[in-house]
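I opened this model to look up its strand pairing and its charged side chains.

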Amino acid sequence: MATKIVHQVEISLIKNISTGKVSGSCRALCFSPDIGASFNVDRTIDGEGVTSLLESAETALKENLAEGGHTVEDATPPEE
């Protein structure tokens, strides 16, 4: 088996405010000295942890946007 060295992990989480849909993915940037090559590993992530993190981030961002007395509203789905 080859050695795989993980150098970096990237996480992308997205919540569509108007639909409530949550999606996420993660990527590891790796290098294998045994084969002398760099490579990426991509995975889809989901579940309660992803949803909880996005909800916390959304709340914090809305609080920041509301500073100074601003009104913050959620987007609504487009009419079909």
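This is a predicted model: local features need pLDDT of at least 70, side-chain atom pairs count only at pLDDT 80 or more; totals for chains, interfaces and linings use all residues.

Entry 1, the hairpin. How many residues lie between β1 and β2 in the hairpin that they form? I count six residues between them, and G20 in the turn has a positive phi of about 80°. I took helices (H or I, at least four residues) and strands (E, at least two) as DSSP runs, numbered from the N terminus.

Residues are numbered from 1 along each chain as its sequence is written, and side-chain values use heavy atoms, with hydrogens and water left out.

I looked up how β1 is joined to strand β2 (residues 22-32) and found ten bridges, with the strands running antiparallel. Two strands pair if DSSP finds at least two bridges between them. I14 stands opposite S23 in β2.

I5 is in strand β1 and counts as partly exposed because its relative accessibility is 35%. My classes are buried (under 20% relative accessible area), exposed (over 50%) and partly exposed in between, with a 1.4 Å probe and protein chains only. Leaving out residues up to four places away in sequence, I5 touches L29, C30, F31 and P33; contact means heavy atoms within 4.5 Å. I also checked I5 against S56: their C-alpha atoms are separated by 32 Å, and the two are 51 residues apart along the chain.

I found V6, V9 and I11 making a nonpolar surface patch of about 300 Å². Patches are made of residues with over 30% relative accessible area and no salt bridge, like charges being joined within 9 Å and nonpolar side chains (Val, Leu, Ile, Met, Phe, Trp, Tyr) within 5 Å. Accessible areas come from the Shrake-Rupley method with a 1.4 Å probe, and for residues only the protein chains shown count as cover. V9 lies in strand β1 and counts as exposed, because its relative accessibility is 55%. In a regular strand the side chains alternate between the two faces of the sheet.

I searched the whole structure and got four salt bridges, each a side-chain nitrogen of Lys or Arg within 4 Å of a carboxyl oxygen of Asp or Glu. One of them joins E58 and K15 at 2.8 Å, N to O. This pair links distant parts of the chain, with E58 in helix α1 (residues 48-66) and K15 in strand β1 (residues 5-15), 43 residues apart. E58 counts as buried because its relative accessibility is 16%, and K15 as partly exposed because its value is 27%.

K62 in turn meets D74, with the closest N and O atoms 2.4 Å apart. K62 lies in helix α1 and D74 in the segment after α1, so this pair ties together parts twelve residues apart in sequence. K62 is partly exposed at 26% relative accessibility, and D74 is partly exposed at 44%. I record K15, E58, K62 and D74 as linked in a network of salt bridges.
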